[in-house]
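Here's a protein to get to know, and you can follow along on the picture. Let's take a look at it together.

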Amino acid sequence: PYIVVVIPLLLETNDYDNLIDRVLVIDCEEQQQISRTMARNQLSEQFVRAIMASQVARKDRLREADDVIFNGQDIE
């Protein structure tokens, strides 16, 4: 048995270390992440980049992942 826990900022906190056995990262290229966030939240690129700068870097997030799903395709 297993449970999937969705924690968008899992690696920015240490609150779940004894709860999480595996980390799955859903990944896409940085520019695509910026574009999607701008479109979804009506934010400027500068604001989105500032948010991303406060988070764990992509390369570090990928290094910590046990599994990675690349989500670089369009929704269609």
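What follows goes from the whole protein to one helix, then to a few residues and a pocket.

First, some housekeeping. This is a predicted model, in which local features need pLDDT of at least 70 and side-chain atom pairs count only at pLDDT 80 or more, while totals for chains, interfaces and linings use all residues. Residues are numbered from 1 along each chain as its sequence is written, and side-chain values use heavy atoms, with hydrogens and water left out.

**The whole protein**

You'll find 3 helices and 2 strands here, and along the sequence they come in the order β-α-α-α-β. Helices (H or I, at least four residues) and strands (E, at least two) are DSSP runs, numbered from the N terminus. Along the principal axes, the C-alpha atoms fill a box of roughly 40 × 30 × 20 Å. Of the 76 residues, 18% are buried; buried means under 20% relative accessible area, exposed means over 50%, and partly exposed is in between (1.4 Å probe, protein chains only). Now for contacts, meaning heavy atoms within 4.5 Å. Among those with a separation of 6 or more, 66% join residues 24 or more positions apart.

**Helix α1 and its end**

Helix α1 covers residues 30-41, which makes 12 residues. From first C-alpha to last it reaches 16 Å, close to the 16 Å expected at 1.5 Å a residue; the expected span is 1.5 Å times one less than the number of residues. Which residues of α1 are buried? They are Gln32, Ile34 and Thr37, and what covers them includes α2 (45-53).

Take Thr37, which sits in α1. Leaving out residues up to four places away in sequence, Thr37 touches Gln42, Leu43 and Val48.

For background, most residues other than glycine have a negative phi.

| Residue | Relative accessibility | Class |
|---|---|---|
| Thr37 | 16% | buried |
| Gly72 | 24% | partly exposed |
| Gln42 | 67% | exposed |

Why does Gln42 count as exposed? Because its relative accessibility is 67%, and exposed means over 50%.

Gly72 is in the segment after β2 (67-70). Gly72 and Cys28 are 44 residues apart in sequence, yet their C-alpha atoms are 4.9 Å apart in space. Setting aside neighbours within four places in sequence, Gly72 is in contact with Asp27, Cys28, Gln32 and Arg36.

Asp60 belongs to helix α3 (residues 58-64). Its side chain makes a polar contact with the side chain of Arg63, at 2.9 Å. A polar contact is a pair of N or O atoms within 3.5 Å; within protein, one must be able to donate a hydrogen and the other to accept it, and residues adjacent in sequence count only if both atoms are side-chain atoms. Asp60 and Phe70 are 10 residues apart in sequence and 16 Å apart in space, C-alpha to C-alpha.

**The largest pocket**

A pocket is an open set of points on a 1 Å grid over the protein atoms alone, where a 1.4 Å probe fits, with protein on both sides within 12 Å along at least five of seven lines; lining residues have an atom within 4 Å of a point. The largest pocket holds about 1,200 Å³ of space. Its lining has 33 residues, and Ile7, Pro8, Leu24, Val25 and Ile26 lie nearest its centre. At least two lining residues come from each of β1 (24-27), α1 and α2.

Technical notes:
Points joined across faces, edges and corners; volume = space filled by probe spheres on them.
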